[in-house]
Amino acid sequence: MSISVLLFASYADAFGARQLEVPLEAPCQVADLMRVIRTMPGGDRLPAAPLVAVNRTWVTEDTAVNVGDEIALIPPVAGG
């Protein structure tokens with residue numbers, strides 16, 4: 001089984017894709033998901049604590065991820 005993760009801007013560039021299929025069983029926690037993502041090519045370019053959204057809500061690393069959830073990694077955004 002795998003969990004789909006949406007990537008944007010510099011994170012999409014780092015992984016060379018706009019979406020990742022992460023080989024991990026759900027339910028799990030965001031921390032488990034991030035641990036696997038960091039082992040993938042490009043994962044070393046993520047900051048220590050990237051912003052993660054589950055179902056369009058900012059979450060912490062102890063948040064549960066379930067089958068069918070929309071997960072997104074959001075890079076830092078500068079405005080002006």
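1. Contacts along the chain. Take contacts between residues at least 6 apart in sequence: 47% of them join residues at least 24 apart. The model is predicted, and every value here is computed from that model.

2. Fold layout. The chain has 2 helices and 7 strands. Read along the sequence, their order is β-α-β-β-α-β-β-β-β. The radius of gyration is 12 Å, close to the 12 Å that the globule rule gives for 80 residues, so the chain is as compact as a globular protein of that length.

3. Extent. Along the principal axes, the C-alpha atoms fill a box of roughly 40 × 25 × 20 Å.

4. Burial and surface. The chain has 80 residues, and buried residues make up 40% of them. The chain exposes about 4900 Å². Carbon and sulfur atoms supply 55% of that area.

5. Phe15, position. Phe15 lies in helix α1, which covers residues 9–15. Is Phe15 buried or exposed? Its relative accessibility is 13%. The cut-off for buried is under 20%, so Phe15 counts as buried.

6. Phe15 and Asp44 are 29 residues apart along the chain, and their C-alpha atoms are separated by 9.8 Å.

7. Largest pocket, size and centre. About 200 Å³ of space lies in the largest pocket. Its lining has 13 residues. The closest to the pocket centre are Met34, Ala48, Ala49, Pro50 and Glu61.

8. Largest pocket, elements. Which elements give two or more residues to the lining? They are α2 (30–37) and β4 (51–54). The largest share comes from α2, with 3 residues.

9. How do the lining residues divide by type? There are 10 nonpolar, 1 polar and 2 charged residues in the lining of the largest pocket. For anyone setting up a probe of this site, the items to keep together are the volume of about 200 Å³, the 3 residues from α2 and the 10 nonpolar lining residues.

Key: Residues are numbered from 1 along each chain as its sequence is written. This is a predicted model: local features need pLDDT of at least 70, side-chain atom pairs count only at pLDDT 80 or more; totals for chains, interfaces and linings use all residues. Side-chain values use heavy atoms; hydrogens and water are left out. On a 1 Å grid over the protein atoms alone, a cavity is a set of points where a 1.4 Å probe fits but cannot get out, and a pocket is an open set with protein on both sides within 12 Å along at least five of seven lines; lining residues have an atom within 4 Å of a point. Grid points are joined across faces, edges and corners, and a volume is the space filled by probe spheres set on the points. Helices (H or I, at least four residues) and strands (E, at least two) are DSSP runs, numbered from the N terminus. Ala, Val, Leu, Ile, Met, Phe, Trp, Tyr, Cys and Pro count as nonpolar, Asp, Glu, Lys and Arg as charged, and the others, Gly among them, as polar. The radius of gyration is taken over C-alpha atoms; the globule rule is 2.2 Å times the number of residues to the power 0.38. Buried means under 20% relative accessible area, exposed over 50%, partly exposed in between (1.4 Å probe, protein chains only). Contact means heavy atoms within 4.5 Å. Accessible areas come from the Shrake-Rupley method with a 1.4 Å probe; for residues, only the protein chains shown count as cover.
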